[in-house]
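The sequence and structure are displayed first, and the description follows.

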Amino acid sequence: MTASLCIIPAAGEVSLDIIQPSADETHFAEMRDLYVYGSFANTGDPVDVRVRIYNPDGEIIRTLQSQVDMNGETPSSSVDMGLVPENLQWGDILAVEAITEPYGYANGGNKVLVSKKWGYYLALVQGGVTKNSSGMYSEADDNGNLIPYSEDLTAGVYRIVVDVLDKNGNNIRFINGTGEQVDSIELPISFGLTHASLGMFRPDQNRENVISYARLNDLRSYIDWFPGYFQISGGSAGYQIPAIWQPNNGIEVVNSLEGTILDTSGSAENTLLMYNLGSSSTTVQVELAQILLAGLEDSDKTTYTYYDTGEISYAWIDVDDGISKTLCGVLTRYPDISDPDFRVIYTRADSSEDPISPNTVSLLPNLTKSVDTSPYDVTVIRGEYLALYGLTRPITTTLSDAGTPYRFTVDDQILRFTYTCGDAEYTFEGLLTRVFVNPDGSLYPATNTNYEFGHVFTAEDTANMSVGTCTYEVKGYDANGRYVENTRTNITITVLPEEAEPQACMLPLSILIAVLTIGCSVIIIRKL
């Protein structure tokens with residue numbers, strides 16, 4: 001490829017590497033845009049970075065090149081930051097999507113940004129997902145005339161080639177990430193079917209579990225920046241363009257674009273960790289929304305997982321022995337849809353003399369309670385609080401436009417439950433609030449966590465329950481009060497009298513029997 005090119009050494013030292021696409025993220029949904037991003041340093045004369053994309057037939061189908069100034073970086077005069085929502089810019093950084101020179105904003109070939117201040121280059125390679133909305137899906141010919149790209153990035157293996165040019169257009173040798181002098185850097189990438197591990201990236205441990213699950217199961221995860229969403233390391237400067245990053249995120253979940261070869265709605269596969277799903281989160285409004293829009297909520301290609309105890313980690317002071325205990329959750333698949341009650345899962349039951357707030361999980365470790373990980377058959381003392389925690393499965397629903405491309409509000413889910421045993425009936429409704437603990441000990445609530453619940457029988461409720469065992473029939477209802485099929489399940493609650501201390505009586509009784517058996521004439525029993 002470089003045999004006919006004039007390669008000259010740099011006047012100063014130029015170093016460059018490819019950081020993204022990273023090793024685990026070189027396979028994309030068909031027609032995805034992508035960033036080519038890497039480190040950049042130059043101690044000599046100004047140089048430009050060029051990025052070329054070769055299709056599976058070895059033909060160049062994208063050529064992008066920076067146009068640096070005399071300082072060796074993309075000038076702010078070449079970037080129209082008015083194209084980026086003002087409230088979604090922070091710090092002092094330029095957007096590669098907003099480069100206008102040469103030949104205007106519509107020129108996709110000028111979308112390479114070089115920043116000597118921050119030490120990086122960034123290129124936007126367009127694959128086709130936003131070609132009808134971005135207004136920049138074209139390249140300039142030798143006369144500066146703009147011609148629409150004729151080829152989208154569809155199924156197959158492509159090559160990224162990055163090199164460096166001086167101001168006369170000559171190739172310059174540079175130092176790559178391993179310290180070698182090279183003429184260019186190459187990276188193979190591919191487009192086709194994707195299967196991602198989805199989930200909230202808050203808190204940090206949940207993020208790590210989403211990523212770890214992807215690596216263990218050979219799935220995609222989204223650590224690299226989506227085009228339209230970039231920030232420097234540490235996050236002190238960056239920007240968002242939802243009209244660009246959301247479509248790119250959306251088609252990775254369900255690809256309904258025209259012109260794809262393999263990657264269609266019917267072939268979409270996803271795994272979603274159901275934990276801490278905020279109503280306005282990207283996980284719900286962009287990712288889960290695509291699954292629901294395509295009617296794939298109950299497809300065998302859609303897998304939901306959860307923590308079997310309801311939490312990543314849960315700490316408390318045990319009421320029986322006063323010892324601090326911790327329970328760690330294990331990622332578990334939702335029940336198969338062949339199960340009659342597959343839409344509802346119970347994970348844990350807490351009981352305590354102290355008040356427990358409805359639909360609330362506090363992760364403070366100093367709360368005194370009893371914890372039962374077999375919540376379908378639980379025991380409570382009359383006058384105690386009893387909380388049953390669990391999850392539901394997404395249901396068929398309409399979705400409302402949330403104001404930006406590929407973003408929707410989910411209109412319906414299971415929100416209300418009734419527990420019935422004989423003449424007794426209890427009703428619970430609402431979504432879970434989870435109270436997290438910051439490293440400094442301060443608290444912050446994550447409100448309206450979708451598809452999770454915490455049904456609390458108050459002290460008054462259990463005080464009015466009859467001593468003994470009662471099996472409650474549970475039914476779930478949607479936001480409109482309609483019964484949802486496959487939510488019917490049974491929860492057995494055994495109520496003990498307040499003065500019951502069965503374990504404390506067992507040892508003296510056993511001593512009495514033993515002594516009587518050996519014929520002792522004097523028996524002294526001390527109650528422990």
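## Helix 3

In this predicted model, the buried residues of helix 3 are Thr283, Val284, Gln285, Val286, Glu287, Leu288, Ala289, Gln290, Ile291 and Leu292. Helix 3 covers residues 282-293, and because 10 of its 12 residues are buried, it is largely enclosed by the rest of the structure.

The buried residues of helix 3 pack against strand 17, helix 2 (242-253), strand 20, strand 21, strand 30 (399-401) and strand 31 (408-410). After helix 3 comes Gly295, which has a positive phi near 70°.

## Helix 2

Helix 2 is mostly covered, with 11 of its 12 residues buried. These buried residues are Pro242, Ile244, Trp245, Gln246, Pro247, Asn248, Asn249, Gly250, Ile251, Glu252 and Val253. Their cover includes strand 3 (27-29), strand 17, strand 18 (229-231), strand 19 (238-240), strand 20 and helix 3.

The length of helix 2 can be checked by a simple calculation. At 1.5 Å a residue, its 12 residues should span 16 Å, and the C-alpha atoms at its ends are 16 Å apart, so the two values agree.

## Helix 1

The same check can be applied to helix 1, which comprises residues 204-216. Its 13 residues should span 18 Å at 1.5 Å a residue, and its end C-alpha atoms lie 18 Å apart, which agrees.

The buried residues of helix 1 are Asn206, Asn209, Val210, Ile211, Tyr213 and Ala214. They pack against strand 17 (195-198), strand 20 (269-273), strand 21 (302-307) and strand 24 (331-333). Strand 17 and strand 20 are also among the elements that cover the buried residues of helix 2, and both pack against those of helix 3. Helix 1 is followed by Asp218, for which phi is positive, near 55°.

## Backbone features in the loops

Most residues other than glycine have a negative phi, and most peptide bonds are trans.

Two cis peptide bonds may be noted. One runs from Glu101 to Pro102, with omega near 0°, and Pro102 belongs to the loop between strand 7 (89-90) and strand 8 (112-115). Another joins Arg202 and Pro203, with omega about -10°; Pro203 is found in the loop between strand 17 and helix 1. Positive phi values also occur in residues other than glycine: Tyr406 has a phi near 65° and is located in the loop between strand 30 and strand 31.

Is Tyr451 buried or exposed? Its relative accessible area is 2%, which is under the 20% limit, so Tyr451 is buried. Tyr451 lies in the loop between strand 35 (443-449) and strand 36 (452-457), and its phi is positive, near 65°.

Thr392 is part of strand 29 (residues 385-392). Because its relative accessibility is 2%, Thr392 counts as buried. Leaving aside residues up to four places away in sequence, Thr392 touches Tyr334, Arg343, Ile414, Phe417, Tyr451 and Phe453.

## Cavities

The residues lining the largest cavity are Gln20, Pro21, Glu25, Phe28, Arg32, Leu34, Tyr35, Arg220, Tyr222, Asp224, Trp225 and Phe226. Sorted by class, this lining has 7 nonpolar, 1 polar and 4 charged residues.

## The chain as a whole

The protein chain contains 5 helices and 38 strands. Of its 528 residues, 50% are buried. Among contacts with a separation of 6 or more, 69% are between residues 24 or more positions apart.

The overall dimensions complete the description. Along the principal axes, the C-alpha atoms fill a box of roughly 110 × 50 × 40 Å. The radius of gyration of the protein chain is 30 Å, whereas a compact globule of 528 residues would have a value near 24 Å.

Definitions and conventions: Residues are numbered from 1 along each chain as its sequence is written. This is a predicted model: local features need pLDDT of at least 70, side-chain atom pairs count only at pLDDT 80 or more; totals for chains, interfaces and linings use all residues. Side-chain values use heavy atoms; hydrogens and water are left out. Helices (H or I, at least four residues) and strands (E, at least two) are DSSP runs, numbered from the N terminus. The expected span of a helix is 1.5 Å times one less than its number of residues. Buried means under 20% relative accessible area, exposed over 50%, partly exposed in between (1.4 Å probe, protein chains only). Contact means heavy atoms within 4.5 Å. On a 1 Å grid over the protein atoms alone, a cavity is a set of points where a 1.4 Å probe fits but cannot get out, and a pocket is an open set with protein on both sides within 12 Å along at least five of seven lines; lining residues have an atom within 4 Å of a point. Ala, Val, Leu, Ile, Met, Phe, Trp, Tyr, Cys and Pro count as nonpolar, Asp, Glu, Lys and Arg as charged, and the others, Gly among them, as polar. The radius of gyration is taken over C-alpha atoms; the globule rule is 2.2 Å times the number of residues to the power 0.38.
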